[in-house]
Amino acid sequence: GPGEPLLDAEQGARFRVLVRPGARCADWAWLACARAYSVAAGVLRNPPIQAALLAMALAAWPPLKALLVGPEAPLGFVLAAVESLGAAQVPISMLLLSGS
């Protein structure tokens, strides 16, 4: 009926569309925006995506990048530690793969 919601929450961020007959164009636009927000919220909960977004923010903002990269970087030890862990990732993955 006319008092029916356009979206019905189902399983967390997933939405089921309840479109009433005779819905206006604005209703459809709002519905599309709500669906896009729902999908984006689900994607942004993924830790690898969060790490990639953080890395892009670090690379895009020069004052923050200068804290980690360069000969006089005050937090250069953090970058060195992450590089060490990154270099060990492939051999450890190969060990895990051969053991399974």
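Begin by selecting α1 (25-43) and α2 (47-60), each of which supplies at least two residues of the nonpolar patch; helices here are DSSP runs of H or I with at least four residues, strands are runs of E with at least two, and both are numbered from the N terminus. The model is a predicted one, in which local features need pLDDT of at least 70 and side-chain atom pairs count only at pLDDT 80 or more, while totals for chains, interfaces and linings use all residues. Residues are numbered from 1 along each chain as its sequence is written, and side-chain values use heavy atoms, with hydrogens and water left out.

**The patch.** Now select Val-39, Val-43, Leu-44, Ile-49, Leu-53 and Met-56, which together make a nonpolar surface patch of about 490 Å². A patch takes residues with over 30% relative accessible area and no salt bridge, joining like charges within 9 Å and nonpolar side chains (Val, Leu, Ile, Met, Phe, Trp, Tyr) within 5 Å; a salt bridge is a side-chain nitrogen of Lys or Arg within 4 Å of a carboxyl oxygen of Asp or Glu. The largest share of the patch, three residues, comes from α2.

**Along α2.** Stay on this helix and pick Met-56, which is found in α2 and is exposed, with a relative accessible area of 51%. Ala-55 is also found in helix α2, but is partly exposed at 42%; buried means under 20% relative accessible area, exposed over 50%, and partly exposed in between, with a 1.4 Å probe and protein chains only. From Ala-55, draw a distance to Lys-65, 10 residues away along the chain, and the C-alpha atoms will be 9.7 Å apart.

**On to α4.** Next select Ala-80, found in helix α4 (residues 76-99) and partly exposed at 40% relative accessibility. Ala-80 and Leu-68 lie 12 residues apart in sequence and 9.1 Å apart in space, C-alpha to C-alpha. Moving along α4, stop at Gln-89, where a kink of about 35 degrees lies shortly before the proline Pro-91; the bend at a residue is the angle between axes fitted to the seven residues ending there and the seven starting there.

**The whole chain.** Finally, zoom out to the protein, whose secondary structure comes to four helices and two strands, running β-β-α-α-α-α from the N terminus on. Of its 100 residues, 8% count as buried.

How values were computed:
Accessible areas come from the Shrake-Rupley method with a 1.4 Å probe; for residues, only the protein chains shown count as cover.
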